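Visitor: I would like a short tour of this structure. Let us start once it is on screen.

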Amino acid sequence: MSIAANLTELKNEVERLNVKLIAVSKTKSEEEIMEAYHAGQRVFGENHVQELADKHEHLPADIEWHMIGHLQTNKVKYIAPFVSLIHSVDSLKLLKEIDKQAEKNNRVIDCLLQIYIADEETKFGLGFDEAIELLRSPEFGTLSHVRVVGVMGIATNTDNEKQIKDEFYELSTFFNGLKISFFQDKDYFKEISMGMSSDYKEAIQHGSTMIRVGSTIFGKRVIPHWKNKTE
Ligand SMILES: *Cc1c(COP(=O)(O)O)cnc(C)c1O
């Protein structure tokens with residue numbers, strides 16, 4: 001099927017469930033992205049700073065760009081002027097840098113705390129305790145140019161459906177706990193970014209509000225470089 005047909009089918013499936021679709025366009029060409037754009041998609045996710053900045057520069061201005069991959073502190077400045085949502089905040093240090101760069105650009109940047117749920121050593125993220133520690137820290141309270149709007153997680157890359165479901169359940173349970181403890185009167189804390197091509201159905205069953213889907217829309221990537229590189 002074409003990119004447009006894949007996209008339309010997926011959008012019809014998930015948008016009536018009120019789930020936001022992030023089209024993950026990493027490694028894909030501007031032409032391929034434009035095919036999705038012409039089929040109505042406006043939200044795209046990338047995991048490399050350079051690639052994200054280049055695509056932002058060349059593609060239509062009404063695209064909402066999400067950073068979904070590991071982000072190094074020294075690269076925040078390249079995306080701070082335009083990024084819509086950073087899914088991958090995994091330290092207070094990074095959040096502080098995003099705050100600083102957002103202030104320089106006179107804006108508030110929405111972020112998700114990336115929570116470590118997978119049974120794999122290679123995945124980035126905060127442990128449950130670390131996330132709580134971050135939110136409790138006095139410094140977090142002083143950041144006025146970032147807004148933590150929810151959590152993100154990546155399930156283990158496995159065929160074991162029960163394990164994947166357990167991990168998604170853990171993340172949504174943790175989200176509910178954070179909501180009560182830290183964000184009770186904050187309507188903006190409402191996002192759970194979980195689910196990719198292989199597991200988005202399970203993620204939605206467990207309360208996902210945004211899914212990040214690449215290969216189901218664009219076809220297989222030649223090099224799944226998000227697995228091999230650190231940023
Ligand atoms: C690449 C990537 C995805 C999309 O993966 P697909 O299997 O192609 O849907 C989702 N989330 C993150 C963080 C990714 O790096």
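Guide: An oxygen atom of the ligand sits 2.8 Å from a polar backbone atom of Ser 215. Keep in mind that this is a predicted model.

Visitor: How much of the ligand's accessible area does the protein cover?

Guide: On its own, the ligand has 380 Å² of accessible area. The share of this area that the protein covers is 95%.

Visitor: Which side chain has an N or O atom 2.6 Å from a ligand oxygen?

Guide: Two side chains deserve a look here. An N or O atom in the side chain of Arg 221 is 2.7 Å from an oxygen atom of the ligand. The 2.6 Å distance belongs to the side chain of Ser 197.

Visitor: How many nonpolar residues are in the shell around the ligand?

Guide: The ligand is surrounded by 12 residues, with Lys 26, Ser 197, Gly 214, Ser 215 and Arg 221 the closest. By class, 3 residues of the shell are polar and 3 are charged. The nonpolar residues number 6.

Visitor: Is Ser 25 buried or exposed?

Guide: Ser 25 lies in the loop between β1 (20-24) and α2 (30-38). Beyond its neighbours within four places in sequence, Ser 25 has contacts that include Glu 51, Lys 55, Trp 65 and Phe 218. Its relative accessibility is 0%, and the cut-off is under 20%, so Ser 25 counts as buried.

Visitor: Which residues of helix α3 are buried?

Guide: Helix α3 covers residues 49-58. The cover over its buried residues includes α2, β2 (43-46), β3 (64-67) and α4 (76-79). The buried residues themselves are Val 49, Glu 51, Leu 52, Ala 53 and Lys 55.

Visitor: Now the whole fold. What is the radius of gyration of the protein?

Guide: The protein has 10 helices and 8 strands. For 231 residues the globule rule gives 17 Å, and the protein comes close to that, so it is as compact as a globular protein of that length. Its C-alpha trace spans about 50 × 45 × 35 Å along the principal axes. The radius of gyration is 17 Å.

Visitor: What percentage of the 231 residues is buried?

Guide: Start with the surface. The accessible surface of the protein is about 11,100 Å², and carbon and sulfur atoms hold 48% of it. Of the 231 residues, the buried share is 52%.

Visitor: Among contacts between residues at least 6 apart in sequence, what share joins residues at least 24 apart?

Guide: This counts contacts in the protein by separation along the sequence. The share that joins residues at least 24 apart is 60%.

Technical notes: Residues are numbered from 1 along each chain as its sequence is written. This is a predicted model: local features need pLDDT of at least 70, side-chain atom pairs count only at pLDDT 80 or more; totals for chains, interfaces and linings use all residues. Side-chain values use heavy atoms; hydrogens and water are left out. A residue is near a molecule or strand if one of its heavy atoms lies within 4 Å of it. A polar contact is a pair of N or O atoms within 3.5 Å; within protein, one must be able to donate a hydrogen and the other to accept it, and residues adjacent in sequence count only if both atoms are side-chain atoms. Accessible areas come from the Shrake-Rupley method with a 1.4 Å probe; for residues, only the protein chains shown count as cover. Ala, Val, Leu, Ile, Met, Phe, Trp, Tyr, Cys and Pro count as nonpolar, Asp, Glu, Lys and Arg as charged, and the others, Gly among them, as polar. Helices (H or I, at least four residues) and strands (E, at least two) are DSSP runs, numbered from the N terminus. The radius of gyration is taken over C-alpha atoms; the globule rule is 2.2 Å times the number of residues to the power 0.38. Buried means under 20% relative accessible area, exposed over 50%, partly exposed in between (1.4 Å probe, protein chains only). Contact means heavy atoms within 4.5 Å.
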